[in-house]
Amino acid sequence: MSAKQVGSILVAWIALTGVCTAQQKARFDGHELGVSAVALNRDGSLAASAGYDGTLRAWNPAEPSGHRVFKHGSWVRCTAFSPDGTALASGDDTGRVIVR
């Protein structure tokens, strides 16, 4: 999985195994400013994006228009799912880490 940002829009791509091309899997609109980090859970059923707008967003790639928004209050620098996919962690510009 790789991601590229176009303005404040996150475009997610899935690389095809053994092929030098990729296909767009989903488009996630929502961050008011740029995206600083992206994470997927192990089976790819959940995605998370961290933003310069101070929000963490949790997405279902099958339904990109519906997502949950978590306010951090400061630039969210990183995000990651736990290995079992039951928790989502994020860290912001102040050094605060939140686990959901």
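## Close-up views of a predicted model

**View 1. R77 and D93, a salt bridge between two parts of the chain.** With a relative accessible area of 41%, R77 is partly exposed. Please keep in mind that this view, like those that follow, shows a predicted model. The partner of R77 is D93, and the closest N and O atoms of this salt bridge are 2.8 Å apart. R77 belongs to strand β8 (residues 76-81), whereas D93 sits in the loop between β9 (88-92) and β10 (97-99), so the pair ties together parts that are 16 residues apart in sequence. D93 also counts as partly exposed, at 39% relative accessibility.

View 2. Which of the two is buried? That is D92, with a relative accessible area of 6%. R96, on the other hand, is partly exposed, and its relative accessible area is 39%.

**View 3. D53 and R57, a further salt bridge.** The N to O distance between these two side chains is 3.7 Å. Is R57 buried or exposed? R57 has a relative accessible area of 8%, and because buried means under 20%, R57 counts as buried. While you are looking at R57, which lies in β6, note that S49 stands opposite it. A search of the whole structure finds three salt bridges.

**View 4. The open sheet around β5 and β6.** Four strands make up this sheet, in the order β4-β5-β6-β7, with antiparallel pairing. Why is one side of β4 and of β7 left without a neighbour in the sheet? Both β4 and β7 (67-71) stand at the edges, and each has a single partner strand, so one side of each has no neighbour there. From one strand to the next, the twist averages 15 degrees. If you follow β5 to strand β6 (residues 55-59), you will find the two paired in the antiparallel sense over four bridges.

**View 5. N41, a buried residue in a loop.** N41 is located between β4 (35-40) and β5 (47-51), in the loop that joins them. Its relative accessible area is 8%, so N41 is buried. Which residues does N41 touch, leaving aside those up to four places away in sequence? They are L46 and F81. The polar surroundings of N41 are worth a look too. Its side chain joins that of D43 in a polar contact of 3.2 Å, and a polar atom of the N41 side chain lies 2.9 Å from the backbone nitrogen of S45. For orientation in this view, the C-alpha atoms of N41 and A87 are separated by 9.5 Å, although the two residues are 46 residues apart along the chain.

**View 6. The whole protein, for placing the close-ups.** Stepping back, you can count 10 strands and zero helices. Read from the N terminus, the elements run β-β-β-β-β-β-β-β-β-β. Of the 100 residues in the protein, 35% are buried. The accessible surface comes to about 5,800 Å², and 54% of it belongs to carbon and sulfur atoms. As for contacts between residues at least 6 apart in sequence, 29% of them join residues at least 24 apart.

Methods:
Residues numbered from 1 in each chain as written. Predicted model: local features only at pLDDT ≥ 70, side-chain atom pairs only at ≥ 80, totals over all residues. Heavy atoms only, no water. Salt bridge = Lys/Arg side-chain N within 4 Å of Asp/Glu carboxyl O. Buried < 20%, exposed > 50% of the residue type's maximum accessible area, 1.4 Å probe, protein only. Contact = heavy atoms within 4.5 Å. Areas by Shrake-Rupley, 256 points an atom, 1.4 Å probe, with all protein chains shown as cover. Polar contact = N/O pair within 3.5 Å; in protein donor to acceptor, adjacent residues only side chain to side chain. Pairing = 2+ DSSP bridges. Axes fitted to C-alpha atoms, helices over the stretch in contact; angles between N-to-C directions.
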